[in-house]
Amino acid sequence: MRLVTVWTWAMLWAWAALVRAIGGVDMVMFGRVLVESSWFSRVDRKTKSLSSLVLCGAECTRVEWCQLWCLVQPGECLLTSLVVSGSYQPLELNDTRLCYTSRRPDFAVGSSIFSSQRYDDTRPKENLVDGIYNWNVMESSIVVSDNATAWFLVDLGVPRRVSKVLLMAQPNDLARHWFQDLEVRVGDIQETGNFTSYTLLGTFVGPGNTSEVVVMRPSAPLVGRYVSIQRMTDGRLQISHLEIR
């Protein structure tokens with residue numbers, strides 16, 4: 001791993017703290033993450049000759065689809081659309097790349113997750129808590145109704161102060177059918193399908209659009225161990241990406 005001077009790091013963080021983001025995000029802060037090289041072949045990406053970490057980060061903020069950037073070699077950075085949580089941990093340390101993500105750490109990564117019945121043998125619920133998303137519909141998760149309307153339940157392990165839940169719809173036109181009529185709730189005991197004892201955090205009526213990002217924030221943080229996401233009408237529920245903070 002290339003050594004970076006203290007001065008360069010200081011400049012990067014000072015610059016990042018001053019950058020105002022576009023599209024509803026208050027501030028951009030880049031955090032270091034290790035990412036397996038295999039992910040980079042599956043997303044939008046481009047390389048650019050730039051002379052410093054600061055310039056690479058600045059370029060990423062100017063490119064609309066850039067979510068993550070990596071210094072490939074001195075003077076060359078890789079900009080990508082890969083969505084990577086600041087909490088992401090690679091499954092394999094071999095052939096990883098040190099990168100910088102605009103996504104902050106979140107509670108969902110590595111949490112246990114439960115759901116209503118799976119739609120098929122692909123797109124497992126664990127896709128929502130792995131902390132990485134490449135805009136491929138097969139990296140989403142889809143469930144159907146069983147004894148209740150379709151739902152996911154995330155176990156954060158311990159009670160957390162939850163102030164934000166981010167959901168992303170699937171990257172195709174079926175989002176208008178499978179991403180709608182949602183309730184997100186926070187509670188203290190594990191339930192299955194009936195989450196009315198939980199405190200309501202937010203709702204989304206929809207229908208959703210392709211790759212739509214829905215951010216729900218309560219008026220004040222809610223404390224609880226469990227976060228439920230449920231469709232309140234009959235039909236499938238498909239979510240491509242989840243963040244809980």
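**Salt bridges and their surroundings**

In this predicted model, R225 and D155 form a salt bridge whose closest N and O atoms are 2.7 Å apart, the term standing for a side-chain nitrogen of Lys or Arg within 4 Å of a carboxyl oxygen of Asp or Glu. The pair links distant parts of the chain, since R225 lies in strand β15 (residues 222-231) and D155 in strand β10 (residues 151-162), 70 residues apart; strands (E, at least two residues) and helices (H or I, at least four) are DSSP runs numbered from the N terminus. D155 is buried at a relative accessible area of 9%, whereas R225, at 29%, counts as partly exposed; buried means under 20% relative accessible area, exposed over 50%, and partly exposed in between, with a 1.4 Å probe and protein chains only.

Salt bridges with shared partners also join K48, E59 and R62 into one network. K48 in strand β2 (residues 45-49) and E59 in helix α2 (residues 53-62) are 11 residues apart and again link distant parts of the chain, with their closest N and O atoms at 3.1 Å. E59 also forms a salt bridge with R62, with a closest N and O separation of 3.1 Å, and these two residues are separated by about one helical turn because they are 3 residues apart in helix α2.

The whole structure contains 8 salt bridges.

Residues are numbered from 1 along each chain as its sequence is written. Local features need pLDDT of at least 70 and side-chain atom pairs count only at pLDDT 80 or more, while totals for chains, interfaces and linings use all residues, and side-chain values use heavy atoms, leaving out hydrogens and water.
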